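Please look through the two chains shown below before reading on.

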Amino acid sequence: MALFDPYGDPSRALRIALGALLLVAVVATAGAFAADPESAAPSPVAYDDVVELGLSSETDALMAGSARVPRTQVFYSQLQYVVGYNGVESFAATLGDGRTERQFGYPIAAYVETFDDARPGTTETGLFESTFAGEWTPAAEAVYVVGSDARSPAGETVVPFRTREAAEAFAADHGGRAVDWEAVRSRSYDTDSAATVRSMAPERWDAADERIAAAERRADRPVSVVVGEDAPTVEAAVAAAPANTTVVVPPGTYEETLTVNESVTIAGEGARISGDGEGSVITVRAPDVALTGLSVDGSGGQTRDPEAAREGREDGEVWDTNIQLGYGHGDAGIRAIDAPGLVVDDVTVEANASGLLLREGSHAAIRDLRVDGADEWQDGFMGIAGMQSRVTVTDSRFEGGRDGIYLHRADGSVVRNSTFADNRYGTHLMYTGDALLADNAFRNELFAGITVMTRPSGNAIVGNDVRNSSAGVQASGTRAYIGYNTLVGNELGFSTSSRGSLYERNVAADNELGARATTVVPSSRVVANDFVGNGEHATAGAGALRVWADGDRGNYWEGANVGTHQPGERAYRPTSPVDGALHRHVAAVAVRESPAVALLDRLRGTVPGARSGSIIDPAPATAPYSPDRLDAALDPGAGPVHADWRAELDERSGGGDEDAAMNARDRNATGGGIDPRATRAGPATRPISATRAGQATRPTSATRAGPATRPTSAATEGPGDA
Amino acid sequence: MTGPLTGVATVFRRELATVVRTPGYGVLAVGLLAAVSGLLAAGGGGATGFVPAVVDLLLPTEALVPLAAVVLGYRALLADGASGELAVIRTYPVRVGEYVAGVLLARTVALVAVVGVPYAVVGVGVWLTAAPDTGIFATHAGVDSPLLFLRFLAFVLLLGAAYVSLAAAVSALAASRRSAIALGALALVAGVLGGDLLLLRSLGGGASPATIPGALALTPNGAFRGLVFEHVIGVAFAPEGGFVATGRAVGSLVGWTLFGPVVAGATLAYGRRVDAALERVRSGFGV
């Protein structure tokens, strides 16, 4: 024993070393228990680096002006990412709900943006603004002005200050009163949720009906001029026609381009207007123009105007001038500039660039439009390009070209009952919120059926059928409602890119990948979706563990209930290599039941915020939620699947008082925290005791907010965000 | 140098030499390291922090650590007795208590090496590698901290020490290597499963759930699990606690650790009669 001689007396150095080691071990162990792991509150970080939740900062209302929403940044005990909330009230509203706590732990530290020296005020439209950015102050130390006339795009906003003097000065100018953090967090806030968007989807449908009906009435005008009889060309006829009359274009081909400067209807059943390959064929520059029955072709092939875009960059006036000019100034079959009330009915465009180009408030009602675009998307442009123009599209068809419909700052648009095929994107929204995309069919889309870019708020994507495309629905933004879509045979069914959103009742079948969780910090609900026959049901990108369920309701995963356990008894993890193989290889069951897997899986959902890159459904459903749609989706002979979502949403929102709706575990409703009947006024009128129960008994410090949760129960009953 | 400490120290050194000369224990440590790091790799919790790593390790640890401890202890006091060395040792001025204390101290040190080192290595590995899986956002540690893993390690060693001493007691009771294995396995199963089964039974029999925090603390595994929930994992949740009575749980683990040597000492001191009784039982079964 040259190395170790237990019988020899150890050297002095060795003795000292051993003693020291022992001492270090004892001190370290004692220290580990004496030290409070949460005592060091982290310092605020640059807001650009937080993961943003709460109100969108990219709505048109905010992007287009100087308004601000007071911001908050929060450090949660389990979550490695710093969460930023737009709107102090967005953060305060999470303190009363156990979901955030179960997902992220409790807030270790929270900072609010205070505006003492930032020259706060309000814009002309009453939105809060300040000349400078605020500075970060611990939430518990700040003083808040509530009830002032300062508003956010979502409603009342709380304005924080570091000092009471500054708060009272602001209150003197703008009303309201100064209160402390305790008062702010115990208030009830009218926070719009994705459920609000869901409840509004049928209303938007009805609003579209009304717009179409109004358009029909608008277009129905007495005949004043007939081309060929009263005027030689269509342009001459339009010039001759008095306002609010109809120009009739008899069947035939008319080789001309024209500009409409009068509010007339041009009715041309069987008539074709053929341009000369330069510029746009029909340019509309008057309100309430109607175009019916026409065929249009022969526009120029310029998709964008690089010249205009370059000038715009130099002027640099509005934040999106570049895109407005670049995308809004190409050639089109029909181009409308500052022409609100446009009606396009039963029109066909063979598009060399865009089919229909709307800009500068050319709000349009479009029915039965058909746009045939370029075979290669690079050669063409949009079927409809709507720039700052709200469109209502129904029963139309878009084939080929770049995007079927591209909308830019077109809040409130509706696209429904339309068919898209062989585009780059079927429908593509940028900075466009509060829209409804419903009951459309998309086929063979090169990039995606529906894509929403930037961070708009309040879009409803409902009842669409996307097949054989790169992706079904990829919608970013906030407070989106993505429900009742049928996504079959795509590379990706849908992604959960939109935050604070609700993904329910979607059918993802036979896709290479059913769904992908993308946002780093989960804040959405994914529940009551059906996943069948996908190569992989779901995968997750970087970020905290996503819990895809709402209370005791999960999703239906083919394969989740294979095996010897009671259906629905075991949590399902689509991202686990074992669970993910269950629907393809029965042998995975044997692995799943192994003690090693069982021991590892048992507590997995315990600290979801601190885990990463995976999805868990604690309560997988035993049967599909939408069996009929699933059958139709998997039947190769069946056409597009249509969900009767309006009836179902109406049914769910009808009857019964609020308490009954909250208490009942209705298998057909998305239960738990999402109240299908929530309306804009809903949360504010709810009894405070019902939603804020137990607040008084909770710890009062700002850093220890929210109800306590046992880790063991979180594993099995944590309702989730994705 | 005389007095009881000398006796303990001498036995301790001798026993340490025995341990060091047993290559199997080195293999055990390596195997444990492989198992623990394999669990972390499969579970994925270690990729992001200490708390999720502990979540992944907690349940497997409840089986692995008692197993390793029983392997370390099941022959600790048997071997000398079987080979006749104990009889020789007893001719020296070493009392039974000193002998048992020396052996158990050495076995506990062995446990710190065989179990503590693999867990510590894994902890250092988590320390070095755990990171948020994207760097595009600002990140912070939350309540996650190496201190929490250190707490976990302390509980692991406490659990292991309890099992080492129980296994040593069993080894003092056993008459042969085979019966030592059988009794060691029995102690392992009784410890890992039995306590919780008894608790289940008593709850099923109408015991009030309010007794859980106290009753849970009585068994080594229950005490360990409760302590980890309370002081490691539970830290990531808003303060509520109450998974286990901390003082009682620590007291229980220490108590089990002390209970072993007492039983072992008593057995070695007065055990011939027990041996004889066991022998009669054995011959009765015709083994």
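## The annotated domain of chain A

For residues 390-558 of chain A, UniProt lists, in an unreviewed entry, "domain: Periplasmic copper-binding protein NosD beta helix". UniProt positions are given in the numbering used here, feature names are shortened, and annotations may be inferred rather than shown by experiment. This is a predicted model, in which local features need pLDDT of at least 70 and side-chain atom pairs count only at pLDDT 80 or more, while totals for chains, interfaces and linings use all residues. Residues are numbered from 1 along each chain as its sequence is written, and chains are lettered from A and ligands numbered from 1 in the order in which they are written.

The span of residues 390-558 of chain A is 52% strand and 0% helix, and its end C-alpha atoms lie 41 Å apart. Helices (H or I, at least four residues) and strands (E, at least two) are DSSP runs, numbered from the N terminus.

## The sheet of twelve strands

Chain A holds an open sheet of twelve strands with parallel pairing, in the order E16-E19-E22-E24-E26-E29-E32-E35-E38-E42-E46-E49. At its edges stand strand E16 (258-260) and strand E49 (536-540) of chain A, each with a single partner strand, so one side of each is left without a neighbour in the sheet. From one strand to the next, the twist averages 10°.

Two strands pair if DSSP finds at least two bridges between them. Within chain A, strand E26 (residues 384-387) and strand E29 (residues 403-408) pair in the parallel sense over four bridges, and here Gly386(A) stands opposite Leu407(A) in E29(A). Strands of a sheet pair through backbone hydrogen bonds, either parallel or antiparallel.

## The sheet of three strands

An open sheet of three strands in chain A, with the order E11-E8-E12, has antiparallel pairing. Strand E11 (159-161) and strand E12 (177-180) of chain A are at the edges, each with a single partner strand, so one side of each is left without a neighbour in the sheet. Neighbouring strands of this sheet are turned by 35° against each other on average, direction ignored.

Strand E8 (residues 143-146) of chain A pairs with E11(A) in the antiparallel sense over three bridges, and the bridge partner of Val143(A) in E11(A) is Phe161(A). Across E8, E11 and E12 of chain A lies helix H5 (residues 164-174) of chain A, which runs at about 10° to E8(A). Axes are lines fitted to C-alpha atoms, for helices over the stretch in contact, and angles run from 0 to 180 degrees between N-to-C directions.

## The helices of chain B

In an unreviewed entry, UniProt places the feature "transmembrane region" at residues 23-45, 57-78, 99-128, 148-173, 180-200 and 249-270 of chain B. Residues 57-78 of chain B are 82% helix and 0% strand, with end C-alpha atoms 32 Å apart, whereas residues 99-128 of chain B are 100% helix and 0% strand, with end C-alpha atoms 42 Å apart.

The axes of helix H2 (residues 23-43) and helix H6 (residues 96-129) of chain B come within 9 Å and cross at roughly 30°. That makes H2(B) roughly parallel to H6(B), where angles under 35 degrees count as roughly parallel, over 145 as roughly antiparallel, 65 to 115 as roughly perpendicular and the rest as oblique. The contact of H2(B) with H6(B) has 16 nonpolar, two polar and no charged residues; Ala, Val, Leu, Ile, Met, Phe, Trp, Tyr, Cys and Pro count as nonpolar, Asp, Glu, Lys and Arg as charged, and the others, Gly among them, as polar.

The axes of H6(B) and H7(B) also come within 9 Å, but cross at roughly 150°, and that makes H6(B) roughly antiparallel to H7(B). The residues of this contact divide into 17 nonpolar, five polar and one charged. H1(B) and H6(B) pack at an angle of about 45° with their axes 7 Å apart, which makes H1(B) oblique to H6(B).

## Where the chains meet

Between the chains, 44 residues of chain B are in contact with 47 residues of chain A, two residues being in contact if their C-beta atoms, placed from the backbone, lie within 7 Å. Helix H1 (4-20), H2, helix H3 (50-73), helix H7 (146-173) and helix H10 (220-233) of chain B each supply at least two residues of the side of chain B that touches chain A. H3(B) gives the most to that side, with seven residues. By class, the side of chain B that touches chain A has 27 nonpolar, ten polar and seven charged residues.
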